[in-house]
Amino acid sequence: MNAPLSLHAARRPAGGAYEAVARTSNEVAGRLAQRLAQETQGEVLFSAADRGRYATDASIYQVMPTGVFVPASHEDVAAALDICRELKVPIVPRGAGTSQCGQTVGAGLVIDHAKHMRRVLAVDAEARVAEVESGIVLDHLNLALKQHGLWFPVDVSTSAQATLGGMAGNNSCGSRSIAYGNMVHNVLGAQAWTSDGALHRFTRLEDCEGRAREIGLQVRELAATLAPEIDRRWPKVLRRVGGYNLDIFRNQNPLAYTGDGSVNLAHLLVGSEGTLALTRSLTLRLSELPRAKVLGVVNFPTFYKAMDSAQHIVKLGGDGTLTAVELVDRTMIELSLRNPAFAPVIRSAVIGQPDAVLLVEFSGPDKPSLVRKLDELVELMGDLGLPGSVVRMEDDAPQKSLWEVRKAGLNIMMSLRGDGKPVSFIEDCAVPLEHLAEYTDGLTQVFRKHGTRGTWYAHASVGTLHVRPILDMRTDGAAKMRAIAEEASALVRKYKGAYSGEHGDGLCRGEWISWQFGPRIGEAFGEIKKLFDPIGLLSPGRMVDPPRMDDTRLMRFPPSYRVIPLKPALDWSAWDVQNDPATERTTRPGTGGDPALGYAKAVEMCNNNGHCRKFDAGTMCPSYRVTRDERHLTRGRANTLRLALSGQLGPEGLVGPEVQEALDLCVSCKGCKRDCPTGVDMARMKVEFLHHYKKKHGHTLRDKLVARLPDYARRASAVAGLLNLRNRSPLLAKLGEKMLGLSARRSLPRWQRRHFFNDAPRTATRDEVLAAARPVVLFVDTFNGFFESANARAALKVLQAANYTVHVAAKLKDDGRHLCCGRTFLASGMVDEARAKAAELVASLAPFAEKGIAIVGLEPSCLFTLRDEMLAMGLGDAARKIADQALLFEEFLAREAKAGSLDGLKARLRPLAQRVLLHGHCHQKAFAAVSPVIDVLKLIPGVEPALIESSCCGMAGSFGYEARHYELSMQMAELSLLPAVREAPDAIVVADGTSCRHQIHDGAQREAVHAAVLLAAQL
Ligand SMILES: Cc1cc2nc3c(=O)[nH]c(=O)nc-3n(C[C@H](O)[C@H](O)[C@H](O)COP(=O)(O)OP(=O)(O)OC[C@H]3O[C@@H](n4cnc5c(N)ncnc54)[C@H](O)[C@@H]3O)c2cc1C
Ligand code: SF4
Ligand code: SF4
């Protein structure tokens, strides 16, 4: 994992922090900011936008903190704690902020542990113990443990984001908790600061010392006094995470908290949601990585039967091999079947049309013994009256695919447009398995009564089923939420379950703690809080004395929420809809009542789940992967836009510096469009923002130079020699940097006097291609036309060799210019100019699209503009038809090869022995257009292309050429792309993106080629 960039590492108020903050906030905030800036090395974030970005988590709540502090070291945390105590400013600790109940929002200083406190401190593989800092992400820990054959098995769905400190804070539970337990079962110790500033080691009570031991003994006394009450009131289910774990002194959990029956004081901190102490490090019990897994997919004719069967299925796990029983209901199955990527996977798992399926996983040391467990499952289902209902998955690959579908189904559910959203507040009540069927049935009726419904999924093995009714928090959502919560709680009580069974208490369940445990245990929780934190410094108003769950003043979308009217430049009407909570059907585009005509509602699709805090080699979000700054995260950007659009950053917020700063490092890779569960498309949002921002502040000379490139390219190429001098003269390069801000450390694309547009081979006319038997239209963009004409020529050669009649797209009326998609204009927010370009394109291409002729492009960012932004420019049905026919060169060839239309070409391709590496352009990844490139390269005999697991190359159009972005651009490339290229010095590197090829040239001094060039070379 790369260290964050130094230029973004320490955001600290320059000069007088006090004046700056006190003026805009208040006196105490000013002193707090001043002292943090003076006495620590961490980041001190007190701007309205920074506070706003930390005012929310994955819950429905929003509370503005006084400020945000990102400590650079443990000393910083300790110092911040002292300062806050002295100034009486509460502290709200935070990890990734993925809590669903509002645990990380609060008025006070939010301390973000995730950015720097993330080391593995020690691993004892033999003893299976690790000590880690609180901000380390679970997936990163497990990556480090893999070499030892070990893992930390509390496998929360947010494993790529969740920090161990946050997991401990919430007493998190994974899909496999039936086998491994919750966090509390897997934490062996903690080092933590209490609010008096003392650092304690919390471990086995008898090994604790000093004040920690004293506290432990006092809590033990409390537990002893309350023994009958604890026995009576405490839910006896594995999944109980509400309240403090007072039962460590009198275990009510079906699974023992410790191996030897001792009491571990660290377990009191687990699930305390940051209210008792600030965690410095955690000591964890590790498990052996399972060597083998098998999956049985049980198909049920009714949901009720599935719920009723769970209690019998779990009995198969007596030998410890049963690791998961997860539910996927009918709605999820249908949603998955609508997705072309998931449909085949789900089809392989279902028999007929089940109402629900249970994924039953067995894990152990070897496959054969697990296969016998599958036999037992099949036999059991026969006994339960469902013979032939189990699909057996013994191989790893189909199992993995199916687990991915299970996760993705939830994501699709979350992408509902309109103000009604699936709201998380009773989504993890846990009931004993024998009552699961009645409980889910009862709750479904409650939803129906309130005019909504829920989709059920997740952990049937432990009686914790997730379900989110659809509520509109801007209208009557809060009132309905309370009514549903009250009826749900009555069901939980009836079935002796736990009201809070996975996601914690926070704001939405705090008031239910005393409901669950009764007043006496509630008072004891107050005592515990006082023992640890007598001054109420740590997350006050949480766990003890909580506010009402439906207090709309604490919500992100209270009824008073207003959007500032705005006339957007792009068409956002598809988001401007409302939905029916009972049917999930949405109204017509443009009828949602958004004063920003859909732009605000598109932005508000971000529900803060934090999925974009990803560090794997996928695309989303490359800028965050480098800076680790919440501001540079898709979530941070969406939040900033939301705050601006709703007037929370002032009346001119949208065109102010805070939005500009948040969006500046967005490289418009569209990674979020693909990966964000709710489809937040920040690249498109940035175009809209830039349109308004530049309207107010004007375009720079560089903006104009880059945007208008398609307009002057022909004239410029006539003086190619002169312009290319810039790349040979350091003086000119420096001058360019000074005048235009284009980095002198970059070479610029080379102009060519003879280029594709003045020296193209003869191709078919419009009429010829319209009449041809094998027609194709080649759309040659500015970059491949003027700078890298060889690519366009190569594509033409390949298409003609494959016996296609090729017409090169041109304007209907020749005015000496070429056709352009408008991409360079969009990158500067010049939407009107881009629209004019796109309109010319539409006029020219419409007749071909009408006839179903493929329109093939070479540059991913240009071609995909036809399938994306061009549809949001009000160009009508013709644009839609063109989008349907617009294909990347390889998409077209792969499609034709599949149809058996490329046999002639295949026969002509000569074999190639050299290794081929492929780097996918971000937009290729966003539009699932990488695998066609692989398929097409494989047409060359001997070629087995290896895909580089890379994110954005960092160049991203003109982004990487800009001097102020140069460092960040190179850091993005160094994350994975450049090292992979360097590691294969003899390989041919294929990259279809013009800017990707330039980045590879600048960063690794290697010449990458377009796939068309490689194919043409083999002819
Ligand atoms: C889509 C989605 C799926 C989820 N799936 C699961 C799931 O499968 N299982 C599950 O259990 N949860 C799940 N969650 C909830 C959440 O992701 C987990 O609880 C997660 O462990 C929280 O980790 P975090 O780093 O985001 O913690 P945060 O949300 O940042 O913090 C959690 C709590 O810990 C406290 N805290 C954080 N760091 C410290 C520290 N250093 N010292 C003291 N207190 C601290 C915070 O104050 C807060 O109370 C899901 C959430 C979402 C959005
Ligand atoms: S941008 Fe998308 S992935 Fe990121 S938090 Fe928002 S909804 Fe989740
Ligand atoms: S477009 Fe790319 S850089 Fe911008 S927010 Fe989305 S993932 Fe991040």
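Gln-311 belongs to helix H12, which comprises residues 303-313. The model is a predicted one, and within it the relative accessibility of Gln-311 is 16%. Because buried residues are those under 20% relative accessible area, Gln-311 counts as buried at this value. A polar atom of the Gln-311 side chain is placed 2.9 Å from the backbone oxygen of Asp-308. Beyond the neighbours within four places in sequence, the contacts of Gln-311 are with Leu-433 and Glu-434.

Ligand 1 may be considered next. Which domains contribute to the shell around ligand 1 with at least three residues each? Domain 1 (14-112) and domain 2 (120-287) both do so. The ligand has 33 residues around it, and those that come nearest are Pro-93, Gly-95, Thr-98, Ser-99 and Cys-173. By class, 21 residues of this shell are polar, nine are nonpolar and three are charged.

Several polar atoms of the protein lie close to ligand 1 at specific distances. A polar backbone atom of Gly-95 is 2.7 Å from an oxygen atom of the ligand. Cys-173 also takes part through its backbone, with an N or O atom 2.7 Å from a nitrogen atom of ligand 1. Ser-134, by contrast, is involved through its side chain, a polar atom of which lies 3.3 Å from a nitrogen atom of ligand 1. On its own, ligand 1 has 970 Å² of accessible area, and the protein covers 95% of it. In terms of secondary structure, two or more residues of the shell come from each of strand E3 (91-94), helix H7 (164-170) and strand E10 (278-285). The greatest contribution is that of H7, which gives five residues.

The surroundings of ligand 3 form a separate topic. This ligand is surrounded by 13 residues, of which Cys-621, Arg-637, Cys-666, Cys-669 and Cys-672 are the closest. Nine residues of the shell around ligand 3 are nonpolar, two are polar and two are charged. For this classification, Cys counts as nonpolar and Arg as charged. At least two residues of the shell are supplied by each of helix H23 (634-645) and helix H26 (682-697).

Lys-496 has a phi near 55°, a positive value in a residue other than glycine. This lysine is located in the loop between helix H18 (477-494) and helix H19 (506-509). Is Lys-496 buried or exposed? Lys-496 is exposed, because its relative accessible area is 65%, and the class begins over 50%.

Ala-956 likewise is not a glycine, yet its phi is positive at about 45°. Ala-956 is found in the loop between strand E25 (946-947) and helix H42 (966-975). Its relative accessibility is 22%, so Ala-956 counts as partly exposed.

Methods. Residues numbered from 1 in each chain as written. Chains lettered and ligands numbered in written order. Predicted model: local features only at pLDDT ≥ 70, side-chain atom pairs only at ≥ 80, totals over all residues. Heavy atoms only, no water. Near = heavy atom within 4 Å. Polar contact = N/O pair within 3.5 Å; in protein donor to acceptor, adjacent residues only side chain to side chain. Areas by Shrake-Rupley, 256 points an atom, 1.4 Å probe, with all protein chains shown as cover. Helix = DSSP H or I, 4+ residues; strand = E, 2+ residues; numbered from the N terminus. Domains from an automatic or database assignment. Buried < 20%, exposed > 50% of the residue type's maximum accessible area, 1.4 Å probe, protein only. Contact = heavy atoms within 4.5 Å.
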